[in-house]
Amino acid sequence: MRDRNIFLIVLAFVVIGPFVQPKVIITEMLIFGIVAVANNIMIGYTGMLSFGQAMFFGIGAYVAGLLLKAGMPLIVALPVGTLFVLVLSIAVGYFCVQRTGLYFICITFAFNQMFYFIAYSWTGLTGGEDGLPGIPRPSLLLDPVAFYVFVAVVFLACLVAMKRIVDSPLGLICQTIRENPSRAAAVGYNVKLYKLTAFTIASTFTGLAGTVYAMLYGIVPIDQIHWLKSGDFIFMTLLGGTGNFFGPILGAVGYIWMSETFSLYWARWPLIMGIVFVVVVVYLRGGIVELIGKVYGSIQRAREAP
Amino acid sequence: MSFLILSQILNGFATGMLYALVGVGLTLVLGVLNLPNFAHGTLFAFGAYFTYTVANLTDSFYLGVLIGPLLVVLIGFVIESQGVRRLYAAHHDYQLLFLFAVALILQETVILIWGPVGFSLLPPKFLAGAVDLGFTVYPKYRLALILFTATIVVALYLMLTRTNVGAILRAGIENREMVKVLGIDINKVFLFTFGLGAYLAGLAGGLATPIWGLTPTMGFDILPISFVIVVVAGLGSILGAIAAGILIGLAQSLTTIWWPEAANVVIYLIMGLTIILRPQGLFGSR
Amino acid sequence: MISRLSEKLRSLRTMGLSMAGAAALATVMFLPTQSAAEEEVVILGIWPITGPYADMGPLLNRGVEIALEEVGYKVAGKKIKYITRDSETKAGTAARRAQGAIDSEGVKFIIGPWSSGVALAVTEVAKKNKVMYYFSGGTEDITGKRCHKYAFMWAANAWTAMDANLKIFKKFNPNAKSIYLFVVDYAFGWTLQKYVEKLAPKYGLKIAGVDRHPLGHREYSSFITKAMATKPDAVYMINFGLDAISAVRQLYNFGFTPKKPVILSWSAGVEELVQMDPAMRANLQFGTNYYYTVDTPGNKSFVDAYKKKSGGIPPGYAPGAGYGLMKMTLLGMQKANSTDPKKVIQALEGLKGKNFVGDFAINGRNHQTVRPYFVARTKPEDKMANKYDFATIQDISSTEQPRDLNQCQDIGGF
């Protein structure tokens, strides 16, 4: 399906969503939608599985939260928070891209743990286990509807930006690297540099999503920087489908929807999540996108059958 | 102060041996199957719970530790033959995530079977209580643990270096393709290795119950530590896993003397430094 | 050209159908939002059903249900609709669930969760949405730094708790001189440590040493070795749940206890004791917000009702808290004869009375419920009348936290 059409469907979802679900649920779906799509720049396009993206989400949230609390306007807090994450991700990414595969996973995990520990211990700054409270929203965004519109605009803008990036030569090179890193190196690309770029881009957008999150409840809880949150991000990306740019949005939506719905009916609902994940990983590696493709394909075949 | 340092070294050694047992199982699976087993922690948990149930049914801790881990092997066989085997052709990441999902399912299954409330299991009467070592008073059970784990580790090492089966495993770690070419049924090797890894995880879990008790989340609690050990040890290095386990245990206990709040995070620092400075691990060759 | 036009039409139709399909899917997929009926009041219980404290969720909820059954799910002329959500002990997720329930179910009153960290997130949601919030837990910030007009605290203040613990310890160990502290490493632990350090001299006790451990820590051998080197008369623990149980277990392994007592200063009581072997808990002192042998008529009926639901196990702090939170919320509604949060809050401020734990008074300035805190000592196994006869209550005190230590400057308005 043409990308422009998909974009229109996403737009439709953004517009209709708050009428059929509590605003806070849709808002989180959009925020984590940004994270999942950004995460896919690493997983789907470049073949890097990071188990530490929560550190960037959390740091973005903390920095923006502190700036907003200090009285900075939105126009300062969000960009500065995002910029902070960008610089940090270059530093962290530099070390991470030295390794691949399991080691890459482990080093991103190790960094995540270290930042978690810093957030946990530096209670004067972050509130530690109790979280960073009292983050004000600019008066323009106090109304839940206004805030939702703001988040929706940020979401769509990030999508457009990230789409531009992956459609550019950079995106193609990243995919080459995913397919065959040695061949890419042989042709003359600086593999590590491109990986670092992908890492930085993905992490920066994740941090941006974090800065928006800080205003959602007015508090940055510490679980947003915990490694389990990194696991959630991976789940969302894979659930949606790593083969398609828009896929991870479905993953974020699906994950939050399942989490909200299943938890209402069974105390052991994480078991269902685990089973869903197993099904995706074993049978439906393309995620929900693959499922839709299969359904669409069988409808087409049924229509074309003489 | 020197007494304190000595006792902390003993402490670190005791917990380190337990970590080593967990790490060895994980490193075997990683080396032979090239698979980071994210479900290793929950196998550890199942080992503890099976041990607890058998020990309560038979009134014997020893029987619990004997039979419990064997039941975990069955779970390991099922995971390998039904799940992991289907994914060998798939990308590495999917095997990893499959096992992570399995870990999630297994953890909830523990709650379904045994409930969410934790349990305690006392060490056997012979090993209960503490003994005065001069510089410190130390639980008999932990001393026994050191001896017992050392025995297991030696037995494992002998198995790997002196037997045919061991030779095949070591060959599998070094060069999987070659093993296939030599006509050995690689599926059997994988199944055996995964089962062995499960056994070691389950055994560690059972042995840990008098110290750490039982709780459904104990699997996810031990998982990060086991990966730190494997990374610090180096891929597929058994000796490395043992050394790394002890190193991690010592790091934790010695840190407690001067900076107790950092007892947990210091191990990630070590892992991070290892990856950056000596990426193949302390003992690895790849 | 015509074929291109028909192609365009076809793709437009596909797009249109897809959008319609997406909209239909969205509507079908999402649960229809419900708002409260006029004759109903919606109360939300947010509890840990999964995650680290999954064992507490069902217990807390059981206590709540008993309180609701006592009033037949009716109060102030309205029906009570009680809904629950899983906090997962994740503050961010719990905030989402609380906000979502407020938006879609018309929740006006929230009770729970279990963890202080999560409570501090939920209290922000309550404040923003102007719904009443009653919490029972260790963080004194709910009625301290983060106090606001809509939040109340049911558990006794930490100062009260620490004072009671030290008093009883000294009473039964008159020759004791020093205690060693194990403190869980976050704001809750630090506050209680500060109080103990302030109060210890009053009872002639020195602090032999302090070790802070991370929350969720399981391996205490290093801390125990350090502690035993200072030869204290007791290990005084400022932690709870599995951390406390693990530490007690290992203190027993090392032979420190039962020779010397271990003090669990902020304990869940029964919930923690059942997870310990009798040998481990032979010489414990524990402080708790609720213990089932409290001798009031209200408590007797609660315990009986609870035992029917639990298969004979008596209630510990968790069900006691669930019951207490719902009882107090209902009491406010009854006194105000209304389910309007503002009126209920005004009715509760300054309210005094007796309930199943004893005398209570709600401080109008910071919304702290001043009520008894219990300190008990365990019995050795041969003295237990039945397998749940863990301990005897030695003291019931309600020493209020000194005014100058409370950080609620201004509770604010509606």
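Two residues are in contact if their C-beta atoms, placed from the backbone, lie within 7 Å. The model on your screen is predicted, so local features need pLDDT of at least 70 and side-chain atom pairs count only at pLDDT 80 or more, while totals for chains, interfaces and linings use all residues. Residues are numbered from 1 along each chain as its sequence is written, and chains are lettered from A, with ligands numbered from 1, in the order in which they are written.

Select chain C to begin. Among its contacts between residues at least 6 apart in sequence, 71% join residues at least 24 apart. Its secondary structure comes to 12 helices and 16 strands, where helices (H or I, at least four residues) and strands (E, at least two) are DSSP runs numbered from the N terminus. The C-alpha trace of chain C spans about 100 × 55 × 45 Å along its principal axes.

Next, show chain A beside chain C. Their contact takes 36 residues from chain C and 34 residues from chain A. On the side of chain C that touches chain A, α1 (2-29), α3 (91-105) and α4 (116-129) each supply at least two residues.

Finally, select chain B, whose secondary structure comes to 11 helices and 2 strands, following the pattern α-α-α-α-β-β-α-α-α-α-α-α-α along the sequence. The radius of gyration of chain B, taken over C-alpha atoms, is 19 Å, close to the 19 Å that the globule rule gives for 286 residues, so chain B is as compact as a globular protein of that length; the rule is 2.2 Å times the number of residues to the power 0.38.
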